[in-house]
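Reader: I am new to this structure and would like a close look at one part of it. Could you take me slowly through the sheet and what lies around it?

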Amino acid sequence: MTNKAAAVMSPGYPFHLVCPRCKGEVKLGERSLDCGCCRASFDIRDGIPDLIVGGRFEDEENAELFAHEEATCTFTTENYIAPLLERLFAGYARTPRVLSLGCGLGTDVDLLREAGYDVAGIDCGNRSTAWKRRLHKDRLYLANGMYLPFEDQTFDLVYCGCVFPHVGVEGDTNRVLPDYAEQRSRIAREMRRVLKTGGHVMVSSPNRLFPFDLFHGRSPGKQMWPRWNPPSSPFLLSASDYRSMFEKAGCGAGTLLPTDNYWGFLRRNQSLAGKLTALPVKMAFSLSSRPLGKILRGSPMLPWLVMQFRRLEGGA
Ligand SMILES: [Zn+2]
């Protein structure tokens, strides 16, 4: 290939990007993507388009935390997400298109791309400095879940881990804002919009009905005491919260998936106290994957939720 040909082909992104604000066509400029409809202009820095509309999520960042996130995300992708994708798309005629919403460091995007999926990842946080070392940078976009920069009916699966509780809250806290329900519904509608008819949504986060939040508010090295979580607190979501949101958005009745193998309990495995506190949770997760343990899923006995929805026929 001559240099001239490379110059013409290289600026493209593997996904057809649209204006996150008005969904109009965007044109690739020198260092920006420019909307021909609403005239919005979005910067491209280090090859990464910044398509964020609205707020950014600024949470804690340090090398130790990032190393832990990388290890945790690798575990979940290899032991939960990849096997789920294999089941969902067995016998699929074409390469499934997958969106990781809130992909953080982008670990899962690299792993799923290497596994052969046509994957994209978006995040509106402060993890994108780590994207420079990713193998598949062209598949990472700074964007907000409420304003996705993709065309309608692009993906076969859109998934997110613990994104919804952090939407409609004050910074990185568990204090919700007055319009938190509308903000979360807006993401659900956007997830449905970019899904092909019959495509899948997978969401996961701590279960609001479980009396403790075992998954938030711990920095590396700090004692891992669970936070008391009154089930009436709107920070976390329950299975019925997700159901009403996604059904209103135009998805079918959701199913609760097993929680086994979602978490590796990597940090807790480093100490005896950690191992002991993780044991009952591990046992409950393992039970949730068996036919008789199905009743545990989404119940106040299980601290983590994983749900799957499908986009129904019809609609815009
Ligand atoms: Zn626009």
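Author: Leu101 has Ile122 as its bridge partner in strand E6, where strands are DSSP runs of E with at least two residues, helices are runs of H or I with at least four, and both are numbered from the N terminus. This is a predicted model, in which local features need pLDDT of at least 70 and side-chain atom pairs count only at pLDDT 80 or more, while totals for chains, interfaces and linings use all residues. Residues are numbered from 1 along each chain as its sequence is written.

The bridge of Leu101 belongs to a set of five that join strand E5 (residues 97-101) to strand E6 (residues 118-123), and these two strands run parallel; two strands count as paired if DSSP finds at least two bridges between them. Both strands belong to an open sheet of seven strands in the order E7-E6-E5-E8-E9-E13-E12, with mixed pairing. Strand E7 (140-142) and E12 stand at the edges, each with a single partner strand, so one side of each is left without a neighbour in the sheet.

Further along the order comes strand E13, which pairs in the antiparallel sense with strand E9 (residues 195-206) over seven bridges, one of them placing Met202 with Gln308 of E13. Strand E12 (residues 255-256) also pairs with E13 in the antiparallel sense, over two bridges, and there Leu256 stands opposite Met307. Six of the seven residues of strand E13 (residues 304-310) are buried, so this strand is largely enclosed by the rest of the structure; a residue is buried if 20 or more other C-beta atoms, placed from the backbone, lie within 10 Å of its own, exposed if 12 or fewer, and partly exposed in between.

Helices lie across the sheet as well. Helix H3 (residues 107-114) lies across E5, E6 and E7 and runs at about 175° to E6, whereas helix H5 (residues 239-249) lies across E9, E12 and E13 and runs at about 20° to E13. Such angles run from 0 to 180 degrees between N-to-C directions, with axes that are lines fitted to C-alpha atoms, for helices over the stretch in contact, and contact means that two C-beta atoms, placed from the backbone, lie within 7 Å.

Along its principal axes the C-alpha trace spans about 60 × 45 × 45 Å.
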